Structures are given as C-alpha cells and as structure tokens.
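Hello,

Here is the structure we talked about. Please take a look, then read my notes below.

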Amino acid sequence: MTDTSLHRSLPDRLDKPLKSAVLSWESLLVLVALGIFILNSFASPYFLNAWSLSDLTFNFTEKALIALAMALLIISGEIDLSVAAIIALASTMMGLALQYGADTPVLVAVGVGVGIACGAFNGFLVTGLKLPSIVVTIGTMSLFRGIAFIILGDQSFKGYPKSFSWFGQGYVWWVISFELVLFLVCAVIYWVLLHRTNFGRRIFAIGNNDVAARFSGVRVERIKFILFCLTGLMSGMAAVLLTARLGSTRPSIAEGFELEAITMVVLGGVSILGGAGSILGVVLAALIVGLVTFGLGLLNVPGIVMTIFTGSLLIVVIALPILFRMWRQRA
Amino acid sequence: MNRLLKHREIFLFLAILLVLVLVTARFPRFAQPGNLLTIFNDTSILMMLALGQMAVILTRSIDLSMASNLALTGMVVAMTNAAFPGIPIPLLIAGCVVVGAALGAFNGILVWKLDIPPIVVTLGTLTIFRGLVFVISGGAWVNAAQMSPDFIGLQRAVLLGLPLLSWFAIVVAALFWVLMTRTPLGRALYAVGVNPTASVYTGIDVGKTKFYAFVIAGAVAGLCGYLWISRYVIASVEVAGGYELTIIAACVIGGVSIAGGIGSVAGVLLGAIFLGVINNALPVINISPFWQMAISGTAILLAVVLNARGERRRGRVILKTAEGV
Amino acid sequence: QTRIALVVKSLGNGFFDAANKGAQEAAAELGDVEVIYTGPTAATAEAQIEVVNALIAQQVDAIAISANDPDALVPALQRAMERGIKVISWDSGVAPEGRQLHLNPSDIGLIGETIIKLAADYLPEGGDVAILSAASTATNQNAWIEAAKAAIPEKFPNINLVSVVYGDDDSVKSTEEAKGLIASYPDLKAIIAPTTVGVVAAAQVVTDQGLIGKVNVTGLALPSEFKQFIDNGASQAVALWNPIDLGYAAVMLANDLVEGGEAAPGASLSMGRMGELTLDDTNAGAMAPPFTFDASNIEEFSKIY
Amino acid sequence: MTDPILTLSGISKSFPGVRALHDVALELYAGEVTALIGENGAGKSTLVKVMTGIYQPDAGEISVAGQVVSLPTAHSASAVGITAIHQETVLFDELTVAENIYLGHAPRTLLGLIDWRKMRAEAQETLDSMAAGIDAGIKLKELGIAKKHLVAVARALSIDAQVVIMDEPTAALSQKEIEELYVLIDLLKQDGKAILFISHKFDEIYRIADRYTVFRDGEQVGKGLIRETSQSEIVRLMVGRSVEQIFPARQAAIGAVVLEARGLSHPTEFDDVSFAVRKGEILGFYGLVGAGRSEVMQAVFGLTPTSAGTLTLEGAAIAPKSPADAVEAGIVYVPEERGKQGVITGEPIFKNVSLPSLGKTSKSGFLRMAEEFALARTYTERLDLRASSLSQNVSTLSGGNQQKVVIAKWLATLPKVIILDEPTKGIDIGSKAAVHEFMGELVAQGLSVIMVSSELPEVLGMSDRIVVMREGRVVDTLENAELKPETLVRLAAGIAEEHAA
Ligand SMILES: Nc1ncnc2c1ncn2[C@@H]1O[C@H](COP(=O)(O)OP(=O)(O)OP(=O)(O)O)[C@@H](O)[C@H]1O
Ligand SMILES: Nc1ncnc2c1ncn2[C@@H]1O[C@H](COP(=O)(O)OP(=O)(O)OP(=O)(O)O)[C@@H](O)[C@H]1O
Ligand SMILES: [Mg+2]
Ligand SMILES: [Mg+2]
C-alpha cells in the first residue's frame, strides 16, 4: 500500500521489533496464563506448592511434546490425527519387545522407532500418493490402534523394568521431572528449528503457498515427509513417557490425545490453514491447558467440565481478535 | 475399468456384495433377508449422520461436533421424557431436530460471520457440547426405567416388515436426495465446494450456504440424538464418544471428497452400509472383534486411494493425437 | 477434619452414585469426616491418574479407589502413599503394591458360582451360555469369570460356556456384542453379564429381538435399572451386593487406616455396621455374599438403589 | 437519440492501497455495443464487478431504465437485467455444462424443485444456437478452455438480460469461435440489448463496437463514437501520451549453446519439442494461448515429468526431477501465474527473495537475517523495486512490483538460464519497459533468456530468435530479422500461406 513512497534504498523494516512483540499473540497468551495462575492460587490453597506445580506438568507434557511437532506440520498445511494411535501402537510394540526380554534401551528404541515408522507411513501416503492428510490420518488412526488391538486383544502388557519407569516417573532434580526437562529441551530444539533454520523458513513458505514454494525450488514433498516423521518421532517419545508413567500398556491407551494436542497448537496461535504460528505460542498454550485442567482438578471439578473451558477458550481466543477487528472497522 | 472406477457407487456396492458373499460362505445364516434387514436397521443412524456430514463436507467444511451434538440433544430429550413422560413422542422428536439445528447454527454462525475455520470451531464445540451434557445431567445417567415405554418403543414399532428406525433412515435419505439434486440450496452446497469464487459470481452467498450446511448437519444430529438414546436406552455423557470420526469415515468411504464439491447420497449410504456390514460380519464369522478397527482403517485408506485415482484430473489435452487416450 | 476421596471408575454410573450414598452415610456417622466424591467422566486409566494427582496435591488423608486398570494406576497411587496418603481399593482392585488393602464386594469364588447358578437354575436340561463382560482389563470381572469357569465342571456339568465377549461397559459395544452372540450361537440359552451396563444392553437386545423366554439374561444388575427386564421376563433373576453398603464400608476402612489401623495379612479392620473385614495374604477381603433379586423382591429394592 | 438503458455516475471503488475506480460515469444504449478500453489495471474488470453486484461501490449510483437500483448480490444484478461474461472463467468443473449455465436460475417444476430435463434441453438449445458443439450433459471439466468460455457466454445469454457485459471474451477463443461470437453479438444487438465490450484488441473493437469509453488509472478520460474517432486518438487517451513502443537496443554478444532440448515429449501436452538457447540470447516462444508453451517450460524446470527427450546444459546432460534440481543446475523459471506460483503473498519481500538462496545466506543450516536482508536489498535495488521496506508483505505490492520480486529472487541464485513466462502480463506500461530493459541487461551479462509471450510486439521487439508452437508442437524456429507479424500469427494459428496472402 506504500507503493508510492519511493525509497532508493529499502530499510529492513519499518516497525520496531519490540512493539510488534508486545502486541503479539504470545503476549496475549502470557497474560491469559498469568491470569489463570493467579486465579488458581486464590482458588485453591494447595496450588502454590512445589510438588503440586510439579504434578501439574504431568498433565500436559506428553501431549505438548506431540504438539511441538504437530505445530510444524500444521504450519506446513497438513495435519496428523493419528498421533494417539501411534502412541498405542508404539506402546504395544514396546510391550511385545518386553515379552521377548528387551531391556530399557531396546524398549526406548522400539517405541521411538515404531513412532518414526508410523510417521513415515503417513508421510508416504500423503506426499507419495498425494492424498489429503486429514483423511489419510483418520484411516491410519484406526489402522494403527487396530493393530494394537489385534496384538493385545483383551490383554495388557505390564512388568516394565524400574529403569524404564524412570522416564515417566523419575525426577532429574528435586521436583523437576524427567518429562518436564525433556519437554523443555524439545521446545528449545523446535524453536530453533522452526524460527532459526532454513528448514523452518521453508516450512512457513510451504504453508503459505506450497505451489509457489515448489516453484521457488523448495522440495515440498521431502519436507512434508520429514515433518510427518518428526510427528511420529514425538508420538513415539510420548509413548515411551506415557508407558513408563502408567507402567502398563493397553490398546486403548492415550485415547483422545490427538484432539488435545491440536487444541494446544491452535490455541498457541498456529493457523489451522497453515503458514503462521510460533513455538513459543504452543508452549504457552500447553501451559495454559495444563493450568486450567489442574486448577479445576484441585477444585474437584470433573474433567468433562474442564473441557468446556478449554473448548470455549479455543473459540473465544480465536474469535476475539476477529471481533475486535470487525468492531474497529465499523467504528 | 475406468468407467467402473468413475461410478464408485457401483464399485462400493460390489465390495459390499463381496463381503456378504465371503461371510455367507462361512456362515450361511448371515445373508438371510432377516439378518440383512437387521444390518440395515443397525446402520440407520450412521447413514443419517453421514448424510448430514456430507452436506458440510461438500462446502469444504467439516463438522467434528456431530457426535457431541447428538449426545447433548439426546440427553436433553431423555431428561425431558423422564421428567414429563406425558409429552407426545412426535413433539419430542421435533424438539430434538430444533435443538440439534440450533447447536448446528451456533457452529454455522461462527463459520459464517466470524470466518473461523470450521475445523477449529467444531473442535471447540465438540468439547463444549459434550461438557454441557455433563452440566445439564449432573453426570447422572438416564436409564431405561426412567424412559417412557413409548419413548423406547417408537423406533421399534414395525411397519411393513421394517422397524420405524429403518423408515426414519429411508425418509431422511429420500429428503437428502431431493435436497441435494432438486433444490437450489442443495446445488449451492455443491457449487460452494467446487468453486467458491465462481459461487460468488453466481450470486451464491458462500458463508450463508455453509451456515445452512451446519444447520442441516445439526438437525440430523439432533434427530439421531433421540434415535440413539431410545435405541440403546441409556443417556450418558459418553454417548457416541469418538463417533464423529466414524461418521466422517463413512463419508470418505462413500466417495465424498474432503476437498469439497464431490459426493452423492447413494455413495454415502453405501459407505455407511459398508461399515455396518463389516461391524456385523466380524462377530458372526468369529473373527475377534479386535480386528474390526484395523479393518475399517484399511477400508478408509483403500477408499481414499481409489477416490484420488478417480478424481485425479484427466489433464487437459493439448495434443490432438492424444485426445483419444 | 479427615478428608477421604472416593474415586470411582466414571461419574454418572448409577452403581457408583449409590456407593456415594453409602459413603456419605459413613461420613455422617463418623462425624468429622468429609467425603470427596470424584472420578473421570470416561472410564480410562489416564483420566483417573489426573484425578489422583489432583487429590495428592490437595493432601487428602485417604483415597479409596475403584480402578479402571489394576496396573496403570499403581505408580500414581504409590506416589500418594509416599506422601502419606492412605490408599485402599474397593470394587475393582489395584495391584497389591499400589494400595494398602482391597475391599472385594463379595467373595470372588462365591460371585463366580452365583452368576452361573443364576443361569443354571432356569436351565434344568442344561445348555449353551455365554458371558458378556465389561472391559477386558477389568480385574474384578476377570476374577469372577475365572471362578465361574472353575465351578462349571463340578457343580454345573450340563452347562456349556461357549464364549466370553467384552462390551467395555459401553452400551453400544455391549449391544453389538450381545447381538453377535445371539447370531453366532443359535442354541444360546442364557447370556450372563456380570456388569451393570452389559446386563441392561443384553436384556434390551433380547427384548428387541423377541427372544424373551428363549434367551435368559442374567448377571449382576442394579435393581433400579434392571427392574423392567425382570418384569417383562427377559430375565428371571440377577444378583448384586449392595453398593450403598460397599461405599459405606470403603469409607469406614479408609478412616480406620487414617486413625492408625494397620493393613497386614490376617488383620481385621472395622467396617462399621458391616462388621469386620479380615484380610487375606494379599491384603484383600470380602464384604458380604451377593444378594439375588427376582420377581419377588425387585420392586422393593428398585426403590432403594 | 434514445436514452441510455443503463447509467453509472460517480462510481468510486478502492481496495486497500489501490484506488481502482474514481468518480467514473458510463452509459449503455439499447442495440449498441460500447467498447470499454484501458490499460491493464485501469479498472475495467472492477467496474464490471460493481455492475454485477460482486463488489459494492464506495460511492456513486447505478440506474437501469431511469430507476436507481442497488445491487447487493449477483442475483440482484441479474434480476434487474444485467449479466456478464467475466474475464476469468468462473465456472464449476465438477458440475454439468447445463447446470453451469443455469445455476441460480434453474427452471423449476410445479413443486418448486429443479427441473433437470427442461434445464438440459434449454441449455442444449442455447449452446446449439451458438453452434458451440457442446453436449450440455457432460461435466464441465471435460472441456478445453475455449469451450469453457463458450459455456460462460451461454450462461450470460440464458439470463434474459437487457445489458450484456463481456470482459475480454475473445482472449481465449480461436479465430473461428471469435467469428461465431461476432455473429452472436449482432443478434443481441438486433434484439435491442445493450452490450459492454471490453477488449485490448483494436481490430475487433473497430469491427463490432459503436461507441467507446476510455479509462485511465480508474478514471474515465474520454468517450465517443467509434466511427468518428481514430485509433491513435484512443491510444493517446488510454496511455496519456502518444506511444510508439520502444524496445531497448541491445548489443549482447551471442555465444555458444547453453541449454539444448531435444525431442521433449509428454503423453498429452507436447510432442517432440526441440530448441536451443545460446549465451547472451533471448529466445522467444510465441503461440496462441493454450499452445503448450508453459507446459514445455515447466518440464524444463522439472515440474512436469517428460516421457521422452533430453536436456543438455553446457554440454552435460541433465534431468531435473524437481524445480529444486533445475535451480541447482542453473535454470530458473518466472511463472505465468504470479499470485499463485510466483510470490508467496503471505510473506515479506526479503523472505520471498531469499527463499531459493537460503543455502547461500545461511550458515550450516541456520538463518542469518543480516545476509538475507543484504541479498534482498542488492537485487531489489537493481530492479528498482518500489516498496516501503524489505519487510513489507508482498501481497501489498502492485502486480509489476510483485513480478520484480520474483525476478529478484531468481537473479539472486545466479542462474545460467532464466525462463520468463508472459513476463509482462498484467503489468502497466511503465513497468513493462523496465522489465524489457532489464532483460536486455541480463543477456548483456551473459545469461540466456527464454521468453514466452503471447504479445506480438514484445516477441518481435525483444527476441533474437523465435520458436513458434501450435497444439503442443514446434511449428518453426525463426531468426528475428525482418520478420513480419503476419508470419508469426499464420504459423501460430496454422493458417496456410495462400489464405493469408
Ligand atoms: N480484489 C482486489 N483487491 C485489491 N486490489 C484489486 C482487487 N481487484 C482489483 N484490484 C486492483 O484494482 C485495479 C484495477 O483492476 P482491474 O482488474 O479492474 O483492471 P482491468 O482494467 O480489468 O485490467 P486488465 O485489462 O488487466 O483486465 C488494479 O490496480 C488491481 O490491482
Ligand atoms: N481447459 C482449461 N481449463 C482451465 N484453464 C485452462 C485450460 N486450458 C488452459 N487454461 C489456462 O489458460 C492459460 C494458458 O494455457 P497454457 O498455459 O496451456 O497455454 P500456453 O501456451 O502454455 O501458455 P501461454 O498462455 O503462455 O501461451 C493457463 O493459465 C492455463 O491454466
Ligand atoms: Mg480485467
Ligand atoms: Mg501459459
């Protein structure tokens, strides 16, 4: 719109980075998170306690790990609804490996490996056969969990070694659990990957316009394939954590995780249409979801009522900026 | 062969026949007319829901909240019936349709007026509606003993050899067929999905058409709310949990394109019946029901692959000599 | 004040609501006790763990849980015990390392025998029967089914158990499984459903398919939910213990532990008006024998629970 | 003289950052064809959309037969008797031809339901009256672009309208179909309809129009009767100055062959295409729209797989399987559809420019923003990009400036061969000259340029040699010396020598 203003030498940017940071989605989320935190500490005397806060993190770390990779996938314009089913299959395979006497390192390798394999299968169907990811992953969601059911039927695997349980129950230092540390480390890695590397830049380009990205020499298929594998990898890691935390595997494990992970991603400001979003937003959203569910849990509000809050939060947080814009246009 | 693939309804029909034949080979009682009618009756609710979902998917949208809508409407009607057994059932059914349509309209308004992507809206209402079931019921179940005999009996009444539930499905399917092929609204649903820009040029209000699609899906979900509750005679928070994906699966298997604009009533009905036949066949032929999920997953994947084959544009042909190919 | 959490498999289940009545009764009787009635909405172990975590954070004095999975809850409950919370399981148990004691509603062998007897009593010539259970992982159902299988050869030689299927305590799944049984076994004489959800689904299927008199449904059922099927003849008789008593006893036991009672093999703990619970070598004990409902008494009990 | 059927007055319309129409007036008369003339971006199509209820004007009024009307939707426009054939074919691939024609105003049965049989019959009748040779029962996606356009025409005719608007209806039609359209327009005139005809082709304007209105930069700058006005006068009105299009004189030393294609074939789109481009040369590709030139270029760029043929770059055989391969080898492609294929509109200028060069600006895979800005600045300045900053979103740039972003993006990769597909399509006359000048600079630096263009003056003015394509095949390759435009047209259209003479 400023075509008319002539600049022989173009400046890098006009607005101050600081100003745009203050007005960003992430700062809105920070406010929401702080608000809920304060509300929680008033609502329940048990909230402000190191162990409580530590327990709180178990409510979201596994889903949030998936949400990190899912964010990249959604930014690239695809989606993976099969993540929870991947957890089920990976966990089942770990259980199977356990029956054959696998020790902890092998168990972890199996879980993560199955995750990557499932992700690669999704990735192949989507990029190789050029199928829409939403239907493909609805299909593989039944397939993966279905295989878990075939293997396990009405049985369950249990008896995981103590050293394995540490992944889901252990503490690195004081109240800082391994799950939390792993999540924070992954969050940093994903932040760098998305916001500071060529790979991340290309993900945004693909999500904005995959045709133009391809025309610009971006290997769209390869990148999308990698993203599906990454999502599988994170699901495999979540499977390790969850299995270690539960100490047992049933085929119905992690049911409904996919929608919760996607909720975190969308709440974190990632555009479901692709092309926009940030890791910081996703991390904050995960924290918000964790705070809300734990806070309400302390008040013994049933889980189902909490979902009203998260569902409304999702719609309201998305709708507010739109309403605000409409209102400003009218004024 | 190409012709055949194009007419995917026929293809699907043959696939269903094949399953029937295979199962009957091992278990002759399966293909008896009585059992087939039972399968049809068992699939009725899925058929109706899938038709409602088709209306939405045609417009390049998706409704993830249908199962929650069903649960909420079902709980409302069950509690109403428990509290006021005197209210005539047809009135209750009409009420269900209205409540369901209103919930659908809520989705529709957000999509139409605020332009929020349908998947986000319905992901939100998916949890909100189900949470509301808990809130209005306080978590308590409404069980058979609390429902009036008419409430439970209506769909089981037999007319011309078929339970009323099957008739509901037949009537709804007929209405959808008329809607989709013979009314401007139905055609607008297709047009919006095929080419939204061109729709605007044709005088179709894209947002409003999507709104109507959500209202239709909601109304169907509402109707099915009553049918589901009276069929399984229990209303609880968990009713039809996770069923939204089965509904979408029936559409996909039935040849509805997730990219909008493509799909037919017959295809969706067959898609639902396909799932119904599989579900019924497994326990009968003594395959562990644990196989069921993997089989329907595979069926969905096969269906998408075949669909994509059929839909893939026959590239426009420049070379004159290649035109015959 | 003592705070005891009564954690159930899922909220909204009539059986557990009844148990809560008993729990409140116990709280009133004990005086300075608050009962927190809670649980997930979906009967999954993950959701139950979140509930347990929230209870740990609230530093309740005791948790009495009916578990969705005997193993998955162990780590969370162990953590609760580490923080000084007394943990007992009731109804559906937790593996011994995850709780201090387990309260069986009734004696496992007795229940297993009773559910077969309920079917056999109405099958003088014997015949095919099938079991429709809850989730395949449900500890209590599995134990009863084992006991039932063990009892058949000696005590009911002409009863032929053809299949065990699982309805997951989900009414739709249970309905489908019941239909599958009827379709697969044309000579089926009885469906035994040792779960309150499954038994209603099976009875409804029998009613819908006009098989009343041909297929007898029996098992464990809440009188209030099941009365109509005794009335219409789909079922001759069902059994159950009193969930009110069960909730009451669970709270009493938890309170006993809080007040210093020791859970050890052979120990006896107080269940208030229900008497004493004697623990076996896995620290488990049974409350009372199951009670049979038939046309003669269902009317009366359906008004209570 | 009769009163106009339709009068527009004081119409203004702005888009964010663009004033598309400013206080324009227009009258249309029954039984007459009014030509609307103006450069690309003058606001012609915008006016059409205002008249058909697709856009709402910011100011001004529209009256039909003396009555002021408001047109909130496309429906209301057809209700008052205004119908249009839009510039883009806005039709429905998955629906049948008949339904494409009648969607929104289908004949109904007594019950109010759509009467398919009647609709099909009437559609067929309309199509036959146009001698379109199209079966109304087939799906639209089975038709080629020209036939689709005829369906659009049929749709406009199916609405019983007083005013028929045609926005560049002949752009995608072959000569034969154009002649049939002229006949049709004559019939409409005799029926007493008012026609608004938008075209860039002066020969056809002089052939069928009675009046003209000229737009420049969204304003009406002149009108009158065609028979009283000379062509050069209209051009002067249009551009605001007299124009002899001047193409930059170049003296690039043409060197050895850089890229050679031999026998490139594709199952359905092109067959046995061979050409070679040399260092410092501009190789023009001419043909009618749909001749398959874009397809060939996209095959060279690795987007479309070929079934046969070889590519040789500087003596080495290459077989790019994706654009990434082509870019690596040194071949880049400026696509025809700028908005869809060229720029990523949601992202800022610098990200667009650096995208293919990330390997160079980054350090072991990590972004270095300063390098990116430097790279973007270097190349956008060379192209004289008009923008406020490098972080400005590309979507807010004008078409010409977007094109510059695309070219800058490719120059930054230091390519050997640059393929420009319709480089000046939809670009105003000033930017056009800049692009032409720049192409001269490119070859002067030793690049090889392939330029696909449907504009005769451009092809003749810029190319060293010209490849003419028709229906997916190369018809001829000509040295551009003393070439007559007629020769190219004849080759492209497949008209035999004798007829043309
Ligand atoms: N939807 C829109 N949003 C923003 N700007 C627009 C939009 N439509 C048109 N414009 C701008 O309005 C101006 C007029 O465009 P219009 O399409 O009316 O030109 P035209 O005269 O039809 O050109 P052509 O001969 O190329 O078809 C152009 O600058 C164009 O970029
Ligand atoms: N059947 C069709 N349906 C839709 N669009 C079409 C069809 N045929 C051609 N087009 C469009 O018309 C334009 C020109 O067609 P195409 O690119 O095949 O011809 P070309 O000779 O390669 O290109 P150019 O226009 O550069 O001469 C393109 O934008 C193309 O997408
Ligand atoms: Mg135009
Ligand atoms: Mg082209």
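**What I found**

Start with Lys404(D). Outside the four places on either side of it in sequence, Lys404(D) touches Leu383(D), Asp384(D) and Leu385(D). Lys404(D) belongs to helix α15 of chain D, which covers residues 399-411. Its relative accessible area is 10%, so Lys404(D) is buried. Keep in mind that this is a predicted model.

Next, the metal site in chain D. Which protein atoms are donors to the magnesium ion (ligand 4)? They are OG of Ser294(D) and OE of Glu336(D), at 1.9 to 2.1 Å from the ion. The two residues are 42 residues apart and link distant parts of the chain. Ser294(D) sits in helix α9 (residues 293-300). Glu336(D) sits in the loop between β16 (331-334) and α11 (338-342).

Glu336(D) is at 26% relative accessibility, so Glu336(D) counts as partly exposed.

Last, the surface of chain A. A nonpolar patch is formed there by Trp51(A), Trp166(A), Val172(A), Trp173(A) and Trp174(A). Together they have about 600 Å² of accessible area. One of them, Trp173(A), lies in strand β2 of chain A, residues 171-173. Why does Trp173(A) count as exposed? Because its relative accessibility is 60%, and the exposed class begins over 50%.

Best wishes

Technical notes. Residues numbered from 1 in each chain as written. Chains lettered and ligands numbered in written order. Predicted model: local features only at pLDDT ≥ 70, side-chain atom pairs only at ≥ 80, totals over all residues. Heavy atoms only, no water. Patch = residues over 30% accessible without salt bridge, like charges linked within 9 Å, V, L, I, M, F, W, Y side chains within 5 Å. Areas by Shrake-Rupley, 256 points an atom, 1.4 Å probe, with all protein chains shown as cover. Salt bridge = Lys/Arg side-chain N within 4 Å of Asp/Glu carboxyl O. Helix = DSSP H or I, 4+ residues; strand = E, 2+ residues; numbered from the N terminus. Buried < 20%, exposed > 50% of the residue type's maximum accessible area, 1.4 Å probe, protein only. Donors = N, O, S within 2.8 Å, 3.2 Å for Na, K, Ca; no water. Contact = heavy atoms within 4.5 Å.
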